Amino acid sequence: MTHVFADLENLGHEQVVFFQDKDSGLKTIIGVHSTVLGPSLGGCRMWNYASENEAIFDVLRLSKGMTYKAAIAGLKLGGGKAVIIGDSRTQKTEKLLKAFGRCVESLGGKYITAEDVGMSVEDIDIMRTQTRFAVGGSNEGGSGDPSLMTAFGVFQGMKAAIKFANLGEDLKGMRIAIQGIGHVGYHLASYLHAAGAKLIVSDIYPNQLEKVAHEFAAQIVSPEDIYKVDCEVFSPCALGAILNTKTIPMLKCKVVAGCANNQLEKDDDGLALMAKNIVYAPDYAINSGGLINVAAELDGYNKELVLGKVSQVYNTISSILSLSKRDNIQPQLAAAKIAEERLQKKPENTGMNFNPVFASANIASTV
Ligand code: NAD
């Protein structure tokens with residue numbers, strides 16, 4: 001058995017709640033890591049965990065990550081996450097989703113749920129019949145698929161990292177290798193193509209690849225070769241843990257900037273990037289456009305405001321990289337430092353007051 005209280009103390013969680021609903025078979029754990037900056041927000045993941053300990057570990061790890069992501073994005077939100085134990089392909093029913101919605105509602109807004117692995121926009125719509133505290137649905141007031149805004153944020157953050165690496169500000173002719181042409185990768189390719197970049201792309205499935213090759217004149221390479229491409233920017237947009245002792249020696253880029261979560265396999269892998277003079281834009285800072293997009297629902301979704309706020313990912317990445325250079329620390333440690341400073345400076349207007357989520361959103365000032 002995991003030592004739950006020891007883990008909560010180590011990771012700094014405020015609350016972890018276990019719910020079960022016999023009728024629907026729901027077994028869920030909601031982790032509220034922090035409400036210092038505002039109500040905790042984070043997706044609900046449905047996964048067939050091998051053990052309850054594994055599910056607890058996941059919810060604790062992921063909810064803490066959301067605290068940092070919201071803080072670095074300058075949102076008046078805390079970090080939370082939910083996991084549902086079960087196979088989303090066979091055990092996800094309307095009854096179960098409704099029961100989960102009632103669990104979320106019972107927390108009175110301390111935790112706001114959203115989409116994650118095993119959940120869809122339609123599932124959020126079902127939850128929303130039972131709770132006011134679910135975002136990212138397609139029905140009334142919902143912001144739907146966040147991948148366009150995530151890609152827009154990555155595009156902004158990538159430009160900041162390119163400038164920081166002294167490669168200039170014009171993307172025309174810049175060679176950018178994208179690993180993974182999924183939801184975000186496709187939109188990112190579109191922004192980069194419009195800016196004049198030369199794209200080199202890989203995916204394990206051919207469908208989207210042929211589309212980007214055709215639409216954006218992209219060159220296709222195999223999943224093995226994408227690391228070795230001669231390019232200015234390598235953009236991981238597929239899976240996590242792809243920056244590691246095996247792949248980093250292969251990289252020929254000057255910048256790593258992409259949307260995938262948890263790109264570094266181990267913390268030390270960031271040091272290996274520094275040793276190669278590769279500028280790394282920390283994943284949870286550069287990919288925060290999706291979070292900003294769903295958070296905007298809490299103030300009444302306004303696309304113009306969201307675009308403005310997501311544009312600030314440029315400043316966020318610039319601030320992180322400047323701090324990393326000044327203190328000679330890895331960019332991901334610089335990002336954590338900025339997030340922790342924000343968590344120390346608790347804003348006056350905290351608690352369950354959602355309005356306005358964007359009010360404290362001045363990202364640029366830290367460094
Ligand atoms: P997606 O599933 O639509 O796309 C991922 C793509 O990567 C797929 O096309 C898949 O075939 C491809 N892929 C998988 N393994 C690969 C490999 N070894 N080599 C090359 N391609 C491979 O997912 P997405 O929504 O585009 O998200 C991509 C990443 O960004 C994920 O890590 C996700 O957690 C993260 N992220 C996404 C969002 C969002 O708004 N969707 C927000 C924040 C972070």
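**Note on the aromatic pairs and overall fold**

1. The structure holds 4 aromatic pairs. A pair here means rings of Phe, Tyr or Trp (its six-membered ring) with centres within 6.5 Å; planes under 30 degrees apart count as stacked, over 60 as edge-to-face and the rest as tilted. Take Tyr186 and Phe216: the ring centres are 5.6 Å apart and the planes meet at 40 degrees, so this pair is tilted. The pair links distant parts of the chain, with Tyr186 in helix 6 (residues 183–194) and Phe216 in helix 7 (residues 206–216), 30 residues apart. Helices (H or I, at least four residues) and strands (E, at least two) are DSSP runs, numbered from the N terminus.

2. A word on the basis. This is a predicted model, in which local features need pLDDT of at least 70 and side-chain atom pairs count only at pLDDT 80 or more, while totals for chains, interfaces and linings use all residues. Residues are numbered from 1 along each chain as its sequence is written, and side-chain values use heavy atoms, with hydrogens and water left out.

3. Are Tyr186 and Phe216 buried or exposed? Tyr186 has a relative accessible area of 15%, so it is buried. Phe216 is buried too, at 9%. The cut-offs: buried is under 20% relative accessible area, exposed is over 50%, and partly exposed lies in between (1.4 Å probe, protein chains only).

4. Tyr227 is buried at 12% relative accessible area. Phe234 is buried at 1%. Elsewhere, Phe152, Phe155 and Tyr191 form one aromatic cluster.

5. Now the whole chain. It has 13 helices and 11 strands. Its radius of gyration is 20 Å, close to the 21 Å that the globule rule gives for 367 residues, so the chain is as compact as a globular protein of that length. The radius is taken over C-alpha atoms, and the rule is 2.2 Å times the number of residues to the power 0.38. The C-alpha trace spans about 55 × 45 × 45 Å along its principal axes. Of the 367 residues, 54% count as buried.

6. The domain assignment gives domain 1 (1–67 + 74–134 + 343–367) and domain 2 (147–329). Such bounds come from an automatic or database assignment. The two domain centres, taken over C-alpha atoms, are 26 Å apart.

7. Ala197 is in the loop between helix 6 and strand 7 (198–202). Ala197 is buried, with 7% relative accessible area. Leu171 is 26 residues away in sequence, yet its C-alpha is 5.4 Å from that of Ala197. Leaving out residues up to four places away in sequence, Ala197 touches Leu171, Gly173, Met174, Ile176 and Leu192. Contact means heavy atoms within 4.5 Å.

8. Two backbone angles deserve a look. Most residues other than glycine have a negative phi. Asn166, not a glycine, has a positive phi of about 60 degrees. Asn166 lies in the loop between helix 5 (147–164) and strand 6 (175–179), and counts as exposed at 71%. Ala241 also has a positive phi, near 60 degrees. Ala241 lies in the loop between strand 9 (233–236) and strand 10 (255–256), and is partly exposed at 31%.
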